[in-house]
Amino acid sequence: MTVAFFSGKGRRIGVALGAVSAGLLVLSACDKPTPLATVTVGDNSVSSEAACYNDGKALENSEAQKCLNKKAEKSIKVSMTDTVHFGVDPDIADNGWTLFLDGQRGEPEPSKKTYRSINGSAFFSTQTEGAAPKNSQVSIVETKGAKVIGIWHFQLEKSD
């Protein structure tokens, strides 16, 4: 004669606990996502995780410089009259962040705000004579003092 060790309800609870445990094990093996940065123009938005990020620790200077030269994977269309809105996670704002245009620092001081707006014409003007550029790569660079913590890239494509 066999004896059931668990009732039907007990088996279901055991199976459910096993499934939850397995799910938690799988999730614990996943990498923590980087904070997000978002660019919004009108009704269109594009968000991205960092191109370079070291779990909130400073990047090596050589790594940060190489990362600034990476091409953006995310793009958004911008006209000269549009307002471009930049948004960052509070974690990024806590340290401070600044915009780089085509790999060059675009402003003197980092911002501690989570949201900023800039006129689209600022990204397509030129200091020399000639045609204005059709594209501009904007990088959001999170800093902590003189150290670079993370870099996010966006390609702004000039629309007519």
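This is a short chat about a predicted model of one protein chain.

Me: What are the ground rules for the numbering and the model?
Reply: Residues are numbered from 1 along each chain as its sequence is written, and side-chain values use heavy atoms, with hydrogens and water left out. The model is predicted: local features need pLDDT of at least 70, side-chain atom pairs count only at pLDDT 80 or more, and totals for chains, interfaces and linings use all residues.

Me: How many helices and strands in the protein chain?
Reply: There are 3 helices and 10 strands. These are DSSP runs numbered from the N terminus, with helices being H or I of at least four residues and strands E of at least two. Along the sequence the pattern is α-β-β-β-α-β-β-α-β-β-β-β-β.

Me: And what share of the residues is buried?
Reply: Of the 160 residues, 33% count as buried. Buried means under 20% relative accessible area, exposed over 50%, and partly exposed in between, with a 1.4 Å probe and protein chains only.

Me: Which residues have the most contacts inside the largest nonpolar core?
Reply: V39, F86, W97, I140 and L156, in a core of 21 residues. A nonpolar core here is a set of buried Ala, Val, Leu, Ile, Met, Phe, Trp, Tyr and Cys residues joined through side-chain atoms within 4.5 Å.

Me: Which elements supply at least two residues of this core?
Reply: β1 (37-41), β4 (75-78), β5 (83-88), α3 (90-95), β6 (97-101), β9 (135-144) and β10 (147-158) each do. Apart from this core lies another, of 9 residues, among them C67, L68, V148 and I151.

Me: What is F86 in contact with?
Reply: Leaving aside neighbours within four places in sequence, the contacts of F86 include V39, W97, L99, Y115, F123 and I140. Contact means heavy atoms within 4.5 Å.

Me: New topic. Which cysteines does the disulfide join?
Reply: C52 and C67, with S to S at 2.0 Å. The count is 1 disulfide, taken as a pair of cysteine sulfur atoms within 2.5 Å.

Me: Where do C52 and C67 lie?
Reply: C52 lies in strand β3 (residues 52-53) and C67 in helix α2 (residues 61-68), so the pair ties together parts that are 15 residues apart in sequence. Both C52 and C67 are buried.

Me: Why is it called right-handed?
Reply: Because the torsion about the S-S bond of C52 and C67 is about 110°.

Me: Is K71 buried or exposed?
Reply: K71 counts as exposed, because its relative accessibility is 69%. K71 sits in the loop between α2 and β4. The C-alpha atoms of K71 and F154 are separated by 8.4 Å, though the two residues are 83 residues apart along the chain.
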